[in-house]
Structure formats: structure tokens, C-alpha cells
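User: Could you walk me through how the helices pack here, and then through the aromatic residues? Please say what your terms mean as you go.

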Amino acid sequence: TRQFLEGVTNDQLRFKLADLNNDSFLFLIEYIAFDNPKHFPYMAPYEVRKTLEDFDKNNDSKIDFKEYTSEEKLEKEIEDSEKKAFAKLDKDKDGFLTGKEIIQWIMPGLEKSARAEAKHLVKESDSNKDGKLSEDEILTNYELWVGSKATNYGETLDSVKDEL
């Protein structure tokens, strides 16, 4: 049915974006991106598409204030607060959220925090300071990795331990 086909199309896009080396296989970091696309900036096109499917009720590929709030009627105080939030996101002041504006809404500060977390993990784990992480270096610092948002607090380590 239509919903099933949309799901398949979304999964195909998600896979294509996650497969950074275009070899039709997902390695550790690629699988993590596939499974947790909100945590990876290069997965933003998938997240935007999914957000548009959820919010863009008139299918014009943009989100207006009414679609943003998903409600017909809001209390005055809440509506004022939501209007301020929407106006802050609507950088070009055209009354719609599109492209990068949607990314800033659904993935705020992502790139900066992901990069900082990755640098932290490498700095703390790379005992021979070669800029690469070996299996032993990761396992030696298991507690650090299990406590990291980048590994979904250890969950992704269990699902891909054979690749390590």
C-alpha cells in the first residue's frame, strides 16, 4: 500500500545517505548513522523529508505556522510563545520553514556537538596518538564509550561488536 511504499522509499534514502563510500554496505559508523540519523549532519536530508511528511499538511514542501503548531487553536500565551519560536527559526521571514530552517529546528546544534563528542572520544582513547582508533584502544576505554551519546550510551556497541 501507499504507506508501505513511502516507508521503503524513506529507508532507501536513509541507506543511501548513510553509505558514505557508496559500496552498498554499512560499516560501523555508517550503520550508526542509518539507525540514528538525527545525530549525523549528513543525514539531514532524510530528517527534513520525514519532518515534511509529518508536518506539511498541504504538501507544498514548506511548513507554515499552523502546520508548525499542529493544532487548530492554542491558548493565547502558548500561541504567543510558539509564534516567537517560529519567527526565530524563520530566518528569511517569509512565513515558512524550509530547508536549512527545518534542519535548525529538528537538529539544533547537531554538527557542533557531534564534532566535539567525536574529538573527545578520539583524544581520550587514542593511546598511541596516531589519530586512529584500534579495537584495543576502544575496548581499553570501554567505560568512556558506553557513557557516550555517540554510541547511544553503549547500545550501538552491542549491535556491532563483531565489526570491532
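Analyst: Angles between axes under 35 degrees count as roughly parallel, over 145 as roughly antiparallel, 65 to 115 as roughly perpendicular and the rest as oblique. This is a predicted model, where local features need pLDDT of at least 70 and side-chain atom pairs count only at pLDDT 80 or more, while totals for chains, interfaces and linings use all residues. Residues are numbered from 1 along each chain as its sequence is written, and side-chain values use heavy atoms, with hydrogens and water left out.

User: OK, how do α1 and α3 run relative to each other?

Analyst: The axes of α1 and helix α3 (residues 44-55) come within 9 Å and cross at roughly 160°, and α1 and α3 are therefore roughly antiparallel to each other. Axes here are lines fitted to C-alpha atoms, for helices over the stretch in contact, with angles from 0 to 180 degrees between N-to-C directions; helices are DSSP runs (H or I, at least four residues) numbered from the N terminus.

User: Which residues of α1 and α3 meet?

Analyst: Thr 9, Asn 10, Leu 13, Arg 14 and Leu 17 of α1 meet Pro 45, Tyr 46, Arg 49 and Glu 53 of α3, where contact means heavy atoms within 4.5 Å.

User: And where does α2 come in, at what angle to α1?

Analyst: Helix α1 (residues 2-18) and helix α2 (residues 28-35) have axes that come within 9 Å and cross at roughly 145°. On the α1 side the contact is made by Asp 11, Arg 14, Phe 15 and Ala 18, and on the α2 side by Glu 30, Ala 33, Phe 34 and Asp 35.

User: Switching to aromatics, how are the rings of Tyr 68 and Phe 86 arranged?

Analyst: Their centres are 5.2 Å apart and their planes lie at 65°, so the pair of Tyr 68 and Phe 86 is edge-to-face. Rings of Phe, Tyr and Trp (its six-membered ring) pair if their centres lie within 6.5 Å, and planes under 30 degrees apart count as stacked, over 60 as edge-to-face and the rest as tilted. The pair links distant parts of the chain, with Tyr 68 in helix α4 (residues 65-69) and Phe 86 in helix α5 (residues 76-89), 18 residues apart.

User: Is Tyr 68 buried or exposed?

Analyst: Tyr 68 is buried, with a relative accessible area of 10%, and Phe 86 is buried as well, at 6%; buried means under 20% relative accessible area, exposed over 50% and partly exposed in between (1.4 Å probe, protein chains only).

User: Which residues form the aromatic cluster?

Analyst: One aromatic cluster is formed by Phe 55, Phe 65, Tyr 68, Phe 86 and Trp 105.

Notes: Helix = DSSP H or I, 4+ residues; strand = E, 2+ residues; numbered from the N terminus.
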